[in-house]
Amino acid sequence: MSATQTGDPHQVPEAVIAGAGLAGSLAALVLAQAGWRVRVFEQRADPRDSDQREGRSVNLGLSARGLAALEYAGLTDQVRAMTVPMRGRAIHHHDGRVRFAPYGLAEHEVLRSIDRQELLRVLLTAAEGTGRVRFDFGVSVTSVTPTGLVLSPAPPDSADGHLAADLVLGADGAFSAVRRAKEVAGECRCELTIAPWQYKELTIPAAPDGTARTRLEALHVWPAEQALIVAHPNLDRSLTATLFLPESAGSVSVDRLTTEEQVVDWLDRDFPDSAELMPGRAEEFLHHPPGRLVTVRARPWSFDGRILLIGDAAHGVYPFYGQGMNAAFEDVLVLAELLRAHRDDVAAVVAEFEAARRPHLDVLADLSEQNFHQLQRTTDRLHRWRSRLDLVLARAAPRAWVPLYTMISHRRTPYADALRRARRQDRVLLGAATTVLSTALGLGLLLGRRFVSENRRARS
């Protein structure tokens, strides 16, 4: 029985978690490290026993928020050894030029590319290694009660499939069963938006001599009018590329590109260097299943003083700012800090967690959608000029000027606070540009009048 059920403050607190993905596994680990007993239920098989990628997995870029959570869990060194640093974007132009744009000014302002499945295996093993976490795979959540979860097949130690706990976490992804149960009960509203875009995973293999075919320590971006390719580097000097394209609209879409000839003709036209870099592109495009892009906005996240949604179950976002996993890991870090601050008063923790986190994650959803269009404009001269200006101003006045990307990816500035500051900076920049333009225009008019006046005198 849980500490809440017995009323014994010396009883070891217990948590049940739905979902053994990245957020659920990390949450299990940090709770166990804090002295909790944890049960985790996952409807899929144990990923350590098989490869569940199936050609449909956007590679991950660890940034400051995710790294802070891993440091809290004591995994920094182990995970860092599995990553490839990405020091900036390598932007592939249609004419074959590749331009490198650094992410920041400091050495630590990099992203770290990591394979999702490898990271998950580390988290699962570390959690089990505490001796306080038990994972049950192949078990689904069928309903949610005010005190716990109802599971199928019923665990042997449950009461007709029901397991109660002091803390119940719904970390079971964008299509969360915990959240759906609360929606059916009328206790939760969720805006789930599926984008009219899909993605296909492609591969840039290492060259025959074992070297990388293109710059390794970078996030590679191929912008196009109707599509986008983003590629993350891997330790074996390959890169995993993700091709985003419309689901069904226009001449370029998943349902219209159905033959190898159509795929090759299109890729040669919009991404000319893909022929050299991605020798298996057509076969992979036709045989890899498409992935979907989902945004989740749930309200509320907390229920009954002990049930809490975290990660994609509460706030799934598009991958275009690279913050989905990082935000979920930050959820776990904030939860752990609140449990410590409130001495495991779960009711206080879940209420404060939602109040502190939800306004910022709503903003992240908007930023992630907007950044898709920003990535498509990376070859635009105005966009490049603005990005360079951000870095120049940050170098000249590092305390006064911080680019939005730096606040989101290289710092832990709350998302809404980062956006507010960026907008203030934009207003300052617009005001300065207006002043300069007005001054230049006034000076031009003054010089023009003098020129006309002097010409008149000369004629007289």
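# Reading helices and burial

Q: Is proline 279 buried or exposed?
A: Burial is read from relative accessible area: buried means under 20%, exposed over 50%, and partly exposed in between, with a 1.4 Å probe and protein chains only. Proline 279 has a relative accessible area of 54%, so it is exposed.

Q: What kind of model is this?
A: This is a predicted model: local features need pLDDT of at least 70, side-chain atom pairs count only at pLDDT 80 or more, and totals for chains, interfaces and linings use all residues. Residues are numbered from 1 along each chain as its sequence is written, and side-chain values use heavy atoms, with hydrogens and water left out.

Q: How many helices and strands does the chain have?
A: Both are DSSP runs, numbered from the N terminus: helices are H or I with at least four residues, strands are E with at least two. Here there are 15 helices and 19 strands. Of the 460 residues in the chain, 52% are buried.

Q: Where does proline 279 lie, and which residues does it touch?
A: A contact means heavy atoms within 4.5 Å. Proline 279 sits in the loop between α8 and α9. Leaving aside residues up to four places away in sequence, it touches Pro205 and Arg213. Leucine 202 is 77 residues from proline 279 along the chain, yet their C-alpha atoms are 9.7 Å apart.

Q: Which residues of helix α7 are buried?
A: Helix α7 spans residues 260–270, and its buried residues are Val263, Trp266, Leu267 and Asp270. They are on the same side of α7 because they cover an arc of only 95° around the axis. That arc is taken from the directions from the helix axis to the C-beta atoms. The face turned away from the buried side carries exposed Glu260 and Glu261. The buried residues pack against β16 (239–246), α8 (274–277) and α9 (281–287).

Q: At what angle do helix α2 and helix α11 pack?
A: Axes are lines fitted to C-alpha atoms, for helices over the stretch in contact, and angles run from 0 to 180 degrees between N-to-C directions. Under 35 degrees counts as roughly parallel, over 145 as roughly antiparallel, 65 to 115 as roughly perpendicular, and the rest as oblique. Helix α2 (residues 22–33) and helix α11 (residues 324–341) pack at about 25°, with axes 9 Å apart. They are therefore roughly parallel.

Q: Is the crossing of α2 and α11 left-handed or right-handed?
A: A crossing is left-handed if the near helix is turned anticlockwise from the far one by less than a right angle, and right-handed if clockwise. The crossing of α2 and α11 is right-handed. By class, their contact has 12 nonpolar, no polar and no charged residues. Nonpolar covers Ala, Val, Leu, Ile, Met, Phe, Trp, Tyr, Cys and Pro; charged covers Asp, Glu, Lys and Arg; the others, Gly among them, are polar.

Q: At what angle do helix α3 and α11 pack?
A: Helix α3 (residues 64–72) and α11 pack at about 45°, with axes 7 Å apart. That makes α3 oblique to α11. Their contact has seven nonpolar, two polar and three charged residues. The crossing is left-handed.

Q: At what angle do α11 and helix α12 pack?
A: The angle between α11 and helix α12 (residues 346–376) is about 155°, and their axes are 10 Å apart. That makes α11 roughly antiparallel to α12. The contact of α11 with α12 has nine nonpolar, no polar and four charged residues. The crossing of α11 and α12 is right-handed.
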